[in-house]
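Subject: Structure handover

Hello,

Here is the structure for you to take over. My notes on what turned up in it follow below.

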Amino acid sequence: MANTTVGGTSRRRVLRLAGGGLALAALGAGAAGCREDDVDGPSGGGDKPAGSGEPSAGGGGGEDGKAPKALWSQSVPAETYGDNDELVAVAGMVIASGSPLSARDGATGKERWSLPDGAAPGAPLLLGDGTLYLASGTYDGTVSGYDPATGKETWQGRLGKEYRQPRPIAVDARQVYVVAEILEKDNSSHTNLIAALDAGSGKIVWSEQRDLGTEQNGIHAAVQGRHLVYTDFKKNLTVRDTSTGRQVWTQKTDKTNYGFFTVHEGLVIVPQGDRLHAYALADGARKWTVKAGNFTTFKEPAVVDGVLHIADSARTVRALDPATGKEIWQSKALAEAGFQVPRQYVKAGKLLYAATDLDKDGGIAALDAATGELRWTFNDGTGDHHSWLVATDGKRVFALHGKKLHALPV
């Protein structure tokens, strides 16, 4: 059981945050290879890791531990580094980061629209108030917003020629938050800023220069109410006021967390090695701590449907009350099945779907959301080394593995 009190380096994260060109080079030819022909027919689970069931002939029930048969599977021009914001399902579409940026019909898998320049490699796909926000793939200094149903541009923001490569990091109903390099006269850059752009006009609401030595890359951010929260490679956890940009508080984290955190009702929840800490957004006070088992470290947390889910390096998955850190259930089913460590979660129906990290034997695990019991696992058998990504529109679950996109029944 987890101990609750009041008061390892991920290969995926290193690749994801190293920058587009460097990460593609590190991933090798498999990441930058040519687009494969579309596969119109459904595919099953394929070669499976230990503990996986063969694909069933029917729908998504996963009877007797068998993985459901994919509704459809397609090859897509994806360029992803495994972060959770590189696959989204919205407005009847499923969209994976890549160039061209391709939107597929969630029901059929057919391409509905594409953007030739796509999204900047490594930049997130951010959704806010019915708009999809992208950093420009042409590196022209703009941040654009699109109608996710049609791909039509509906908004544009620009910081100015004195800044380079603005990237959106978070969005709410009022503002789009970006980071950008500050250019020197010789076109070099040693500093960067964080700014808020009006979600209506695209004009700058506020901008603040970040401390010397901070980096533009490696930022993971979220917005809750009047608080913008972000982490970076420099072991900083920072909270700013969304109205003014004023820094509310910042503190060093014990260990580099590579952007792993989640927010929930006035708390920011951050894993740090074998500890999971919750801090108050208002003042940074620590509210609770959960300890992992001996010689284990926590992975990425996610609050899904009001429940905090997190796995550790021993492949134990916990469901916790995010307000208190109290344990709801603990499951060792993935370790017993020989499956890999999950690091992203979505919920559809009564099942919690968990996607694994960089591992050819990983995949999607379906857990009972109420108990943590393992229902089935899915692997496409490609042997691709990319992380698995998962998203849902409530009717289907979408699994992206390298350049293969699958739709699974709920």
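How many bridges join β27 to strand β28, and in which direction do the two run? This is a predicted model, and in it six bridges link β27 with β28 (residues 351–356), the two strands running antiparallel. One of the bridges pairs A348 with L351 in β28.

These strands belong to an open sheet of four, in the order β27-β28-β29-β30, with antiparallel pairing. The edge positions are taken by β27 (342–348) and β30 (374–378); each has a single partner strand, so one side of each has no neighbour in the sheet. On average, neighbouring strands of this sheet are turned by 25 degrees against each other, direction ignored.

Next, the nonpolar cores. The largest has 18 residues, and the members that touch the most others are V317, L334, Y345, L352, L367 and L374. At least two residues of this core come from each of β23 (302–304), β25 (317–320), α4 (333–337), β28 and β29 (364–368). The largest share is that of α4, with three residues. Leaving out residues up to four places away in sequence, Y345 touches E300, A302, V304, H309, I310, A311, V317, L352, Y353 and A354. There is also a second, separate core of 16 residues, which includes A70, A348, W376 and L408. As background, nonpolar side chains tend to be buried together in soluble globular proteins.

Strand β5 (residues 101–105) is worth a look. Five of its five residues are buried, so the strand is largely enclosed by the rest of the structure. In a regular strand the side chains alternate between the two faces of the sheet. In β5 both faces are covered: L101, A103 and D105 are buried on one side, S102 and R104 on the other.

The pairing of β5 is as follows:

- Strand β4 (residues 93–96) runs antiparallel to β5 and is joined to it by four bridges. A96 has S102 in β5 as its bridge partner. The two strands form a hairpin with four residues between them.
- Strand β6 (residues 111–115) is joined to β5 by four bridges, again antiparallel. Here L101 is bridged to L115 in β6. This hairpin has five residues between its strands, and G109 in the turn has a positive phi of about 85 degrees.

On the loop between β25 and β26 (327–331): A323 lies there. A323 is partly exposed, at a relative accessible area of 43%. Apart from neighbours within four places in sequence, A323 is in contact with L267 and W288. From A323 to G306 the C-alpha to C-alpha distance is 9.5 Å, with the two residues 17 apart in sequence.

Last, aromatic pairs. The search of the whole structure finds six. In one of them, the ring centres of Y133 and W155 are 5.3 Å apart and the planes stand at 85 degrees, so this pair is edge-to-face. Y133 is in strand β8 (residues 131–135) and W155 in strand β10 (residues 153–158), so the pair ties together parts that are 22 residues apart in sequence. Both Y133 and W155 are buried.

Y177 and W206 form a tilted pair, with 6.3 Å between centres and 45 degrees between planes. Y177 belongs to strand β12 (residues 175–183) and W206 to strand β14 (residues 204–209), so this pair ties together parts 29 residues apart in sequence. Y177 is buried, with a relative accessible area of 0%, and W206 is buried with 6%.

Regards

Terms used
Residues are numbered from 1 along each chain as its sequence is written. This is a predicted model: local features need pLDDT of at least 70, side-chain atom pairs count only at pLDDT 80 or more; totals for chains, interfaces and linings use all residues. Side-chain values use heavy atoms; hydrogens and water are left out. Two strands pair if DSSP finds at least two bridges between them. Axes are lines fitted to C-alpha atoms, for helices over the stretch in contact, and angles run from 0 to 180 degrees between N-to-C directions. A nonpolar core is a set of buried Ala, Val, Leu, Ile, Met, Phe, Trp, Tyr and Cys residues joined through side-chain atoms within 4.5 Å. Buried means under 20% relative accessible area, exposed over 50%, partly exposed in between (1.4 Å probe, protein chains only). Contact means heavy atoms within 4.5 Å. Rings of Phe, Tyr and Trp (its six-membered ring) pair if their centres lie within 6.5 Å; planes under 30 degrees apart count as stacked, over 60 as edge-to-face and the rest as tilted.
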